[in-house]
Structure formats: C-alpha cells, structure tokens
Amino acid sequence: MTSTPPPSNHFSLPPVPSLPSPSASRPRGSIGSTFSFNPSQIMDSYYDANTSAFTQRIPMALDPNRSILASSPARASPQPKRKSKQSLNKTSTKPGGGGGGGGGGGSMRMPHPLANDTTDVFQDSEDDADDEYDSYEWGMVDRMRLWRHDALMQHLYETAAFWGDKILSWTNDPNDAFWLAQTYFMTHQYARAHRLLTRPFPVSPPNKSSPSAGGSPSKNPNNTTTGNSGGAGGPNGSTTHTHSQMQLFPSTPFDTKGKSRESLSMNPLAMPSRLPVGAAGLVDVPETLLEQTSRLVDMSLACRYLAAQCMVRSGKWTEAMELIGEANPFRGSAKSGPAVANLDGGIKIEASMCYLRGLLMLKLNRADQAKTCFMEALALDVKCSDAFSQLVNAEMLSPDEEWDFIQGLSYQTQTPDDAEFVQLIYTSRLRKDKHQVEHALTRSRLVDDYGLGDNPDVLFSFADALYTDFRWAECYAVTSRIMGLTALHVPTIPLHIACMYHLNHLHSKLFLMAHEMVDREPENALSWYAVGVWYLCNGKWGQARSYLSKTTLMDPRFAPAWAAFGHTFAMEAEHDHAVTAYSTCARIFVGSHLPLLFIGMEQIMLSNYRLADEALHAAAALCENDPLLCNERGVMAFNHGDYEKAADFFQEAIDRAQVTQSSQQTWAITYMNLGTCFRKLRKLDEAVKVYHKVLEYDSRHSIALGFLGMVYHMLNDLDKAIVKYHEALSIDPINNNILELLNTALETSTARSAQTLRYQELARILHNKWHREDPMYRERVAKAWAEQGMVVSQTGQLVPMGGAGRGQQGNEGDAMQE
C-alpha cells in the first residue's frame, strides 16, 4: 500500500495567539518572585540573530525538528560513524590510534558510552563531539556520571539522584541539571524537578581546564580565556569569557564535557559555588549579570517540555498550558511542518509538545482543540504514536475522516525507509466499518511480509474486525491469544470483556478474570470495569452501577464505562439518567455511533420522537451497518405510520444479524417487529411465517403466541386463534389484552356455531318437504351428481361412480343433505 501525499489543507488550524507575558517589562532572563513561562520568548530567541553567547546556542537547542535522541542515557540509538580528524597539535588519531593525547598523568582510556553525554541535550556541534575520541582520561565527574546513568538503567533512581546532585554541585552545568531533573521526574518529585528546570544557570560556564592535566589554559593577547564550555559556545564549541565572567564562575579543575584530562587529586574547596539565593528562596542574580544567566526552560525545548510534564503530573494544567502555549509557536516557520523531515531520525520535540498540549486540552474539557493538537502532532511526525492512539482509541474522528487523515500523512517525507510499514501498522488500527478489502490486505501484508502474525497489535486488528462483524466467539479466541502473550494489552481488554458479556457460557470466566485483575491491578480502571460488567451480566443493576461509577471516577474519559453505566439506568427504566450517561459517552466518543444510538433508544422510550430521530440519523451518518441501529430506525418508521419502510429496516436488520454469533433470541424482537409490520400491511400469511420463526427460537414467547393468535383471528380461523390465546395466557395469565381477544374469539365462535346448527336444521326441513312434494326430486339430484362423476350409494353416501358396494343400503335423505 503506497502512501499518498498530504492534502493541501487536511485539517484546519486556528491562528497562533499572541500570549502576553506578565514579566514583559523585565529584561530577558531576569529572575524575580514570579516567572514568565510564555513560549514566545523562545521564539524571539529562535528568530533573532544577535551575537550574545546565549543566542548562539539557541538555533540547535531550540530547533523544533530535533529530538532528545542524542541525550539518551545509554546512547543506545544508532549514531553515524564519525570520520577521523587529524589535529595539528596531536599525533594520535581516533579510536585505535597509538599516540598520546597532550601529556599529563594517568593512563589513557576510551570514554565509556554512558560516562560523557552531558552536552547532547543542548546539541553541541560535531566538531566538539569529535574531540571525545581523542586522548581521554577519566576523572571523578566522569565516573560519577557513569554511576548516575547506570543507576538510571537499573532503576536505582535514588542512587542516580544522589550522585547527580553531587555532580551538579561541582559542575553547575545545565546538562547535569537536566539529567538530575529527569531523575527527580522518574521518582515523582515533580516540584523538585520543576524548581531545578526554572532556576537560573550560567549561559556559558567558564573553562575548567586542569592545571595538572597538561598545562594551563591558553591565553590570548586580550587577556581572555578560550576553551570548550559544555556546548555553549559558537559554531566550533568555543567561547570567550571576560574577566567579570571569570570572577562569577571561577576556574575549576573539571571539564564539564570531559574532553580534557582531569586531575586525579581534587580539591573540593575549589569547586564553583551556586548562584546566591535571596530572601524569598529564589536565586538572586545581580542585575548586571542578568544577561549571563538563563533558566533551563529558556535554553532548551527538552527542558521546557520536561517542566511542562512536571506541571501535568502535579495537576497544574493551567500552568503547564502557559508554559508550552495554547498553540504551536513554531507553526508557520521555515523549519516546521509535515514536509520538514526530522534531522536526527528521532521524534520531533515539536510533535511531542503538540501531543502534550492535546492532553492538556482534554484535561481542560476542550475536546475539539485537543483533537486538533493530536492531529497536528501526528502530521508533524508520524512516529508520534501516542497522538495516533489518542485519536483512534477515543474515536475522535468519524470513520471517513479517520481514514482520509491517516492515509494522507507524509510517510515518505518523514520516514522514507519505513514509510510503508508505518502506514500499514497505522491502517490496521483504524475502524473496520468500511474499507474491509483494504483492511484485509493490510493484515495479510503485516503477517506475510513483516512476520507480525503473533504481535499483539496485529492480533488486535484481527479481533477488532471479528467484533465488528459480531463474530464474538472467534473474536474471543483471538483476544485470549493476546492475553496469553501479554498480561495487559489496554486496547484488547474492553474487547475481551465485551465478548464474554455477549457469550453466556463465558460469564464464569469473566468473574474469574475480574477477580484476578482487581487483585493484580487495583488502581487500574479496567479492573473495576470488569467487575461492573460481570454484575451487569447477572442483572444486578445496583451493584453494577456502583462499580462502573468507580471506573468513571478513576478514568473520566473511559467511554465504555460510561456506556455500561447508562445501561444500568436504562434497565431500571430511569431513562433521563440513562440519557445523561450516554450523552457523556457521546461527548468522549465523538466518532462512535453507539452513544447516539443508545440516546435514540431512550428517547423512543420517553416518546420524544423528534429527539429520537435526530439521534438515530446522526448515528446512521457514522455507521449504517449496525443491525441494532436498523431495528431502531424501523421502530421510528413504524411510529410514524410508514409500515413499508419499517418492514424494510427490520428485514435489513435480520439480514445483517445472520452473521452474529450471539444467541438468536437476541434478535427475536426484530422478527416480532417485522411480523407486526406484515400484520399492519395485511400480509397475513407472511406474518404467520415470521411469528413461527420467533417460536422456533423461544417456544414460550407469550407475545409471539398472542400475535399469532391475532393473525389467525383475522384469517377467521377461530379454533387456532383460541388455541394460541390459551397458550399465551398459560405463560402470561394476567395479560389483559390477550384475555379480551380470547373472550371476543369465544363469543364469535359460539355465535358462529349456533348459526351453523340452525342452518343445518333448516336445510333438513326443506329437503324433506321437497322430497314429499316433488316425485322427480330424487332423479334430478342423482342426475346432478352424475354430471360431477358421483353417485348416491344405497347407504345415502356420495361415492365415485362404480364405487357403490353390494348390500349398501341407506337413507336417501342423508345423501341429499350432503
């Protein structure tokens, strides 16, 4: 399946609002009692080309097309192999070279891949990175950085925070601060991480060459010191520090990037001190040095994104929204858009921020804007599967919109080598109401060409297609396989529970599964959803309602729980409460027809036919293939007196329900409705057949027996009608309508029997009279019967000619009566 180019305007986006900054009167980078988290100042730094040391770093640190791939603690992502670079003042080459690297004590060793990655978050130039392969000697900071990252890999977060804090105290480097904030985030210390990301740091730390590691720093004639400084320099990674900077950040024997050799004997008293702290607990920076400091959230998109995540996890959604902005600040720039490929092969930080913005919109109950943010995130980078999951799992788009949007993404531009696979795996997760042929081809290719026949996501695609076709038994077999492969596959759990709900013989397994999930994951909303559905299976509406209510409290956007919660009210005829629950579900599942269908059903029960029509027509616009929807539309047509149209809807529902694997009793009511339409249309023979079909599914269906008696009554077959009325009353003895119909049939039958007896007596009297008065009467009667091939026997019976036996004698009067 080849990808198609994106349409020129596949979704509309609102204009970028101008976000006012409460601290606009202060110079950039100033620190006060409050902070301005306006993202516009990032954009100002991104677009302005001034000569300050900070803005020389911005074009790479704030590039929205970059990812945080290079800052991975393990550096596990593939990196392009660097070319060997000869240095004029060095005789050694890159890994494998035999020369020394600039003198100094200690043995020479290659840097550990985990030990020295502190500059990647701020995207140093490759020239600086190439120097890492030159002569290298580990020092205390390098070793502790190794401990920190190894602790992160082993999930020893307290250990990582312990050593990371010491590293930051020595180096005061923004990169070490970023990794310490990451550690705090992993240990749920969100306020601590946020404070670290919003405190000021030096824009460009001074050179920290070690006197014992190969000489003193070189000095230029202007009495300035030049050296590498954590990626904060110009294009070549170097910067110039004035005398005032050297006073603020005194020289230390540590190189934050670990590129120069480090003294083996360190003096902790020589470490640089942090910036002074004021009375309010915030860092107090002299006004003359404001241009030399900046917050991490202003220095890197990665830091701003992490700070916003801290606010989200702390429940401060408004503050997080202010931090990243209500609209994408990079939208419309030359380096932003779906057609701009990612620079390093990772996921664009811009797309991640759009996804986070969408989550915040959901938290603030702005679902339409959330959908736009998720669509923008996925359009910017097709690798952002979180945005795809939000759009698909919550059914934010209609089936047609969903298909057109996913097929129109820029796969070839953003992932030229993997475009086909990404498009296939996304297509397999779309709804199966339409494009059945394309979906079947997609699943076949994923299994045959890519060997994903046992992958949970691909198996879920098979299960979803089976569930859409109401083949619940086969769907349950596939979902059971998924549950065997992974203990908890979130998209599969609701499907698995639904199959067990529809198949009566699996209710006991649902009971065991619910208990197991509650014991294993009591904090998961799916566990209590399973408990609520089990009570729903057993008709215990009150208990089901309490557990489903708990599910909605734990996860307010879990739409299946809202639908089941509405069912508990509907079963107890509390239709107004049911409509409220279904409306909430419809607001969450914007692209699903089921909540609208349930609303229409409840409005029919309330006799609000206008509202019912609106809901059912809206549901039909999203999905026309649901047999239950066809049945309800038939009910509305019947209520409007259009019996032909109603019969067509009921017949369509029955045809579509033939593929279902539920009990046929489920669709008995649809057959009843069809038979009633035939009865109204005076198609009585067809009505009899349909009612007999109902009795095949349930021989004790009292309503079907009563309706069948009505049809016999209309056909003047009173004997059969009376029998069916009696059978219906034996099942439902207090049905007043059937009792009234039975009495009517009995009265009619009695009157008809009396009339028949009277007619027969009158015919006998007249026959005797004619026989006495007319001698030729017998001959005329015999001649009339002979013309029809019959003859009157001696016993007075009519028999075919030649069939009169010997010795047969009879009363001629009896033959005349016949």
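Which residue lies over the face of Phe569? Select Phe569 together with Arg545 and you have the answer, for Arg545 lies over that face at 4.5 Å from the ring centre; a charge is taken to sit over a ring if NZ of Lys or CZ of Arg is within 6 Å of the ring centre and within 35 degrees of the ring normal.

Before moving on, keep in mind that this is a predicted model, in which local features need pLDDT of at least 70 and side-chain atom pairs count only at pLDDT 80 or more, while totals for chains, interfaces and linings use all residues. Residues are numbered from 1 along each chain as its sequence is written, and side-chain values use heavy atoms, with hydrogens and water left out.

**The whole chain**

Colour the model by pLDDT, which is the predictor's confidence in each residue, from 0 to 100. The protein chain averages a pLDDT of 74, and 65% of the residues score at least 70. Now select residues 1-58, where pLDDT stays under 50 and where the model has 125 contacts beyond four places in sequence, a contact meaning heavy atoms within 4.5 Å. Residues 205-282 also stay under 50, with 184 contacts beyond four places in sequence. Where pLDDT is low, the predicted coordinates should not be read in detail.

Switching to a cartoon view shows 37 helices and six strands in the protein chain; helices (H or I, at least four residues) and strands (E, at least two) are DSSP runs, numbered from the N terminus. Of the 818 residues, 49% count as buried, where buried means under 20% relative accessible area, exposed over 50% and partly exposed in between, with a 1.4 Å probe and protein chains only. Among contacts between residues at least 6 apart in sequence, 63% join residues at least 24 apart.

**Helix 25 and its aromatic pair**

Rings of Phe, Tyr and Trp (its six-membered ring) pair if their centres lie within 6.5 Å, and planes under 30 degrees apart count as stacked, over 60 as edge-to-face and the rest as tilted. Because Phe565 and Phe569 are four residues apart in helix 25 (residues 559-571), about one helical turn separates them. Phe565 is buried at a relative accessible area of 14%, and Phe569 is buried as well, at 10%. A search of the whole structure finds 20 aromatic pairs.

**Onward to helix 26**

Follow the chain to Ala573, in the loop between helix 25 and helix 26, where phi is near 65 degrees, a positive value in a residue other than glycine. Helix 26 (residues 575-588) comes next, with 14 residues that reach 20 Å from first C-alpha to last, close to the 20 Å expected; the expected span is 1.5 Å times one less than the number of residues. Its buried residues include His575, Tyr582 and Cys585, and the cover over the buried residues of this helix includes helix 25 and helix 27 (594-605).

**Helix 29 and a cysteine**

Select helix 29 (residues 627-639), whose 13 residues should span 18 Å and whose end C-alpha atoms are 19 Å apart, which agrees. Among its buried residues are Pro627, Leu629 and Cys630, and what covers the buried residues of the helix includes helix 28 (609-622) and helix 30 (643-657). Cys630 itself has a relative accessible area of 3%. Its sulfur is 8.7 Å from the closest cysteine sulfur, in Cys623, and so too far away for a bond. With a disulfide taken as a pair of cysteine sulfur atoms within 2.5 Å, the count comes to zero disulfides.

**Other stops**

For a group of rings, select Phe511, Trp528, Trp534, Tyr535 and Tyr547, which form one aromatic cluster. Then go to Lys166, whose charged end sits over the ring of Phe162, 3.8 Å from its centre. Finish at Asn172, in the loop between helix 5 (157-171) and helix 6 (174-186). Although Asn172 is not a glycine, its phi is positive, at about 50 degrees, and the residue counts as buried at 4% relative accessibility.
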